[in-house]
Amino acid sequence: MEKLKNLFLALFCASALFAQSDRGTITGTITDTSGALIPGAKIALINVDTDTRSETVATGTGNYTIPALAAGNYTLRVEHEGFSSYEQTGIRVQVAVTTRVDVILQVGQASQSVSVAAESSLLKTESAEQSTTISGDTIND
């Protein structure tokens with residue numbers, strides 16, 4: 001009985017370790033101006049503070065997800081043949097938060113670009129989860 005109790009306790013503690021993370025996620029959908037999905041778009045996410053670069057390609061349904069990102073400020077770049085390149089600055093990744101950044105590409109040459117300088121919405125449409133970040137100073141007070 002004692003061994004079973006210890007095993008349960010060890011499994012419970014191990015699962016609790018995976019529940020907390022110091023990372024965030026960015027996800028979104030790539031479409032054109034008519035709302036058609038754009039599969040295969042090249043997506044690059046650059047951390048403005050550390051110059052760390054994460055890259056992915058949009059799925060067959062035009063969706064992308066870049067998980068396990070350090071909290072900070074990011075710039076998103078999207079490119080696809082036959083469309084103007086897209087760049088959005090001011091994207092804030094927070095701890096344990098999935099940030100949604102949908103992109104609408106304009107038809108044009110790759111040498112043309114569309115730049116957006118705005119913060120991403122804090123409204124989470126992926127889940128009903130609510131969370132907040134509390135600083136260490138607030139906890140100590």
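Reader: Is Gln88 buried or exposed?
Author: Happy to start there, bearing in mind that this is a predicted model. Gln88 lies in strand S6, which spans residues 85–93. A residue counts as buried when its relative accessible area is under 20%. The value for Gln88 is 7%, so Gln88 is buried.

Reader: Which side chain makes a polar contact with the side chain of Gln88?
Author: Gln88 is a residue of strand S6. Its side chain has a polar contact of 2.8 Å, and the partner is the side chain of Tyr86.

Reader: How many residues are in the largest nonpolar core, and which touch the most other members?
Author: The largest nonpolar core holds 20 residues. Strands S1, S2, S4, S5, S6 and S8 each give two or more residues to this core. Those touching the most other members are Ile26, Ile30, Ile43, Tyr64, Leu76, Val78 and Leu105.

Reader: Which residues is Ile30 in contact with, leaving aside neighbours within four places in sequence?
Author: Ile30 is among the core residues that touch the most other members. Beyond those sequence neighbours, its contacts are Ala36, Leu37, Ile38, Ala41, Ile43, Ala58, Gly62, Tyr64, Val78, Val103 and Leu105.

Definitions and conventions
Residues are numbered from 1 along each chain as its sequence is written. This is a predicted model: local features need pLDDT of at least 70, side-chain atom pairs count only at pLDDT 80 or more; totals for chains, interfaces and linings use all residues. Side-chain values use heavy atoms; hydrogens and water are left out. Helices (H or I, at least four residues) and strands (E, at least two) are DSSP runs, numbered from the N terminus. Buried means under 20% relative accessible area, exposed over 50%, partly exposed in between (1.4 Å probe, protein chains only). A polar contact is a pair of N or O atoms within 3.5 Å; within protein, one must be able to donate a hydrogen and the other to accept it, and residues adjacent in sequence count only if both atoms are side-chain atoms. A nonpolar core is a set of buried Ala, Val, Leu, Ile, Met, Phe, Trp, Tyr and Cys residues joined through side-chain atoms within 4.5 Å. Contact means heavy atoms within 4.5 Å.
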